[in-house]
Amino acid sequence: MLALMRSLFHFAFNVTDLNIARQFYGEVLGCQEGRSTDTWVDFDFYDHQISLHLGEPFPTAATGHVGEHLVPMPHFGLILQLADWQAMAERLKAAGVGFVIEPHLRFAGEPGEQWTMFFLDPFGNPMEVKGFADLTTVYAS
């Protein structure tokens, strides 16, 4: 049955400078670098693989209506335990990363209550990091 399969997620997207990408994804986000060539670099993105290729990043726009916000679309990100989310928020603030949507609580008291924040990598690729007190409630409805 497919629902019982364990897998890793892979996402490949464009950046315009691999050295700047290494600094942001490696030093700011704390991801370990994997394989690379002159045109791409892989990172361990919290147990998932991202591949950053030289090229023009996807165009994005704040068109995703979630709660009281219009969030950038498309975007990708992480779901973390709340303590790890808080540490990530502090890490981003300490690195001077600007937020598209500041860290805040969303869906308070509802199923799926979560903390969230949106920011851009140096190439304009939007990311969301969510924090849950209990990861079993990620799909709560």
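Arg-106 is buried, with a relative accessible area of 8%; buried means under 20% relative accessible area, exposed over 50%, and partly exposed in between, with a 1.4 Å probe and protein chains only. This residue, Arg-106, is found in strand β8. Helices (H or I, at least four residues) and strands (E, at least two) are DSSP runs, numbered from the N terminus.

Before I continue, a word on the source. This is a predicted model, in which local features need pLDDT of at least 70 and side-chain atom pairs count only at pLDDT 80 or more, while totals for chains, interfaces and linings use all residues. Residues are numbered from 1 along each chain as its sequence is written, and side-chain values use heavy atoms, with hydrogens and water left out.

Which residues is Arg-106 in contact with, leaving aside its neighbours within four places in sequence? They are Val-66, Glu-113, Gln-114, Thr-116, Phe-118, Glu-128 and Lys-130, where contact means heavy atoms within 4.5 Å.

I turn to one of these partners. Phe-118 is found in strand β9 and is buried, with a relative accessible area of 1%. Beyond its neighbours within four places in sequence, Phe-118 has contacts that include Val-71, Pro-72, His-75, Phe-99 and Met-127. Ile-101 is also in contact with Phe-118; the two are 17 residues apart in sequence, yet 4.9 Å apart in space, C-alpha to C-alpha.

Next, helix α2. Its 13 residues (residues 82–94) should span 18 Å at 1.5 Å a residue, and the end C-alpha atoms are 18 Å apart, which agrees; the expected span is 1.5 Å times one less than the number of residues. Buried in α2 are Trp-85, Met-88, Ala-89 and Leu-92. Seen down the axis of α2, its buried residues fall within an arc of 100 degrees, so they line one face of the helix; the arc is that of the directions from the helix axis to the C-beta atoms. An α-helix has 3.6 residues a turn, so residues three or four places apart point the same way. What covers the buried residues of α2 includes α1 (18–28), β7 (76–81), β8 (99–106), β9 (114–120) and β10 (126–132). On the face turned away from the buried side, α2 carries the exposed residues Ala-83 and Ala-94. Just after α2, Gly-96 takes a positive phi of about 75 degrees.
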